[in-house]
Amino acid sequence: MSIKYKFPKNFWWGSAASATQMEGAGREDDKGLSIWDLWYEKEPNRFFQGISSEVASDFYHRYKEDIKLMKEIGHNSFRFSISWSRLIPDGTGRINEKAVEFYNNVINELIKNNIEPFVTLYHFDMPLEMQYKGGWESREVVDAYGEYAKTCFKLFGDRVKVWITHNEPIVPVEGGYLHDFHYPNIVDFKRGIQVGFNTMVSHCKAVKEFKSLNIQNGKIGVVLNLTPSYPRSSNIADLEAANIADLIYNRSFLEPVVKGEYPKELIQLFKENDLLPCVENGDKELIKNNLVDFLGVNYYMPRRVKAKENMPNPNAPMMPETFFDNYEMPGRKMNVYRGWEIYEKGIYDIMINLKNNYGNIECYVSENGMGVENEERFIKDGIIDDSYRIDFVKEHLKWLHKSIQEGCNVKGYHMWTFIDSWSWSNAYKNRYGFVQLDLKTQKRTLKKSAYWIKEVSKNNGF
Ligand code: GAL
């Protein structure tokens with residue numbers, strides 16, 4: 001087979017996952033609860049088919065089997081998250097020894113199989129005790145996170161060399177403070193901005209702790225969902241609308257982590273609308289002095305934007321969408337099984353932007369993937385024929401390859417996700433894995449895409 005798209009040496013092939021979405025053992029071995037347990041208790045109907053994250057794909061007990069499968073399908077790296085409330089059940093203080101043992105086992109098993117562990121510290125799972133203190137709205141929680149991060153570096157930093165402070169920090173803002181799809185289901189832009197800012201401060205505290213420990217060969221970064229904002233047209237109002245969307249959704253995190261300060265335009269916009277967060281003494285310096293070593297980029301779909309067409313109700317809560325309208329481009333290519341647009345070139349545009357405007361910082365694709373409902377309907381000869389997923393990945397990889405050829409500093413590609421996982425409130429509605437999960441029996445079966453990615457990884461291209 002001839003390889004048309006060859007990737008650089010030591011390219012990272014693998015996938016990403018998170019604690020809540022795969023671990024299970026939700027109430028075992030002294031694990032503390034998180035906001036997801038509380039929300040489920042309060043409103044189980046908010047979760048597709050009433051399925052909680054308590055069992056998930058039971059990685060807690062089946063990590064050996066799963067890591068073996070990862071190895072089999074050619075993973076050389078895997079990103080997972082540590083559950084803060086498993087490691088430190090109350091969020092601060094006492095460390096859960098069972099959790100230390102579990103994460104040690106996972107890390108050691110990965111390394112034994114030549115799979116480099118990438119560890120995320122926070123993937124949407126606020127410990128309940130910390131939420132009672134106000135979650136990311138509280139500076140006490142920000143400090144507790146800094147301590148938690150330090151604990152993780154000390155416990156696991158001898159073997160884990162790639163660290164990620166936060167996964168998509170804008171999402172808890174969108175979900176928890178704007179659009180009602182995460183606990184605490186508040187609708188308040190200003191409080192959301194405070195949450196975003198505090199998360200940023202917590203990120204910098206973790207980076208600072210990390211650097212002070214001088215972990216050999218270690219690097220630290222953050223994972224951002226850098227959804228590009230495409231204007232409907234070159235009309236000046238459309239361009240301005242897209243610029244605002246980009247400021248709020250992308251540059252709000254990208255600029256502080258890479259450049260050490262917030263975009264002036266964003267500060268101006270928030271100032272004019274009485275949305276500025278409270279900033280404490282020392283925050284500015286903290287942000288300035290604790291830049292990331294690398295970025296993880298999550299990309300699923302583009303954001304298309306047009307100028308506002310109708311004046312919003314002045315009494316309705318303010319939203320990012322107060323400043324622009326989302327635009328549905330006629331004839332856009334769709335993942336019809338999930339209702340998301342597919343625009344492969346987006347991945348290239350992100351990388352070129354990082355190259356041209358962000359010092360060509362080292363980065364990798366930390367998530368990309370395709371959710372599909374009812375995948376069982378595609379079973380042929382006992383396995384799911386997910387050729388649509390193979391096409392999806394292929395087309396994205398072609399654009400990624402092109403960006404690398406043009407000099408972008410891209411080190412790898414991780415798929416969301418290894419095995420069908422529990423989604424935030426969609427539970428098991430949309431399946432994303434290379435590996436099919438039978439929820440009733442916990443049986444794992446490779447999908448067609450798993451055999452395909454194995455070849456891609458083996459050949460370092462396709
Ligand atoms: C991302 C998130 C993941 C996963 C994925 C697929 O935004 O980081 O946790 O849920 O979406 O829906």
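**Ligand site and pockets**

The model is predicted, with local features needing pLDDT of at least 70 and side-chain atom pairs counting only at pLDDT 80 or more, while totals for chains, interfaces and linings use all residues. Residues are numbered from 1 along each chain as its sequence is written, and side-chain values use heavy atoms, with hydrogens and water left out.

Polar contacts are pairs of N or O atoms within 3.5 Å. The side chain of Glu-367 places an N or O atom 3.0 Å from an oxygen atom of the ligand, and for the side chain of Trp-424 the distance to a ligand oxygen atom is 3.0 Å. Tyr-432 has a polar side-chain atom 3.1 Å from an oxygen atom of the ligand. On its own the ligand has 310 Å² of accessible area, of which the protein covers 89% (Shrake-Rupley method, 1.4 Å probe).

The ligand takes up the space of the largest pocket, in the sense that more than half of its atoms lie within 2 Å of the grid points. A pocket is an open set of points, on a 1 Å grid over the protein atoms alone, where a 1.4 Å probe fits, with protein on both sides within 12 Å along at least five of seven lines; lining residues have an atom within 4 Å of a point. The volume of the largest pocket is about 1200 Å³, counted as the space filled by probe spheres set on the points. Its lining comprises 38 residues, with Glu-174, Phe-181, Met-301, Arg-338 and Trp-340 nearest the centre. Two or more lining residues come from each of α8 (170-177), β8 (303-306) and β11 (340-341), and α8 gives the most, with three. The lining divides into 14 nonpolar, 14 polar and ten charged residues.

The second largest pocket contains about 580 Å³ of space. Among its 27 lining residues, Phe-197, Tyr-262, Leu-266, Ile-267 and Pro-277 are closest to the centre. Elements giving two or more residues to this lining are α8, α9 (189-213), α10 (236-259), α11 (264-272) and α12 (283-289), with α9 contributing the most, five residues. The lining of the second largest pocket has 18 nonpolar, four polar and five charged residues. Helices (H or I, at least four residues) and strands (E, at least two) are DSSP runs, numbered from the N terminus.

Note on methods: Polar contact = N/O pair within 3.5 Å; in protein donor to acceptor, adjacent residues only side chain to side chain. Nonpolar A, V, L, I, M, F, W, Y, C, P; charged D, E, K, R; others polar.
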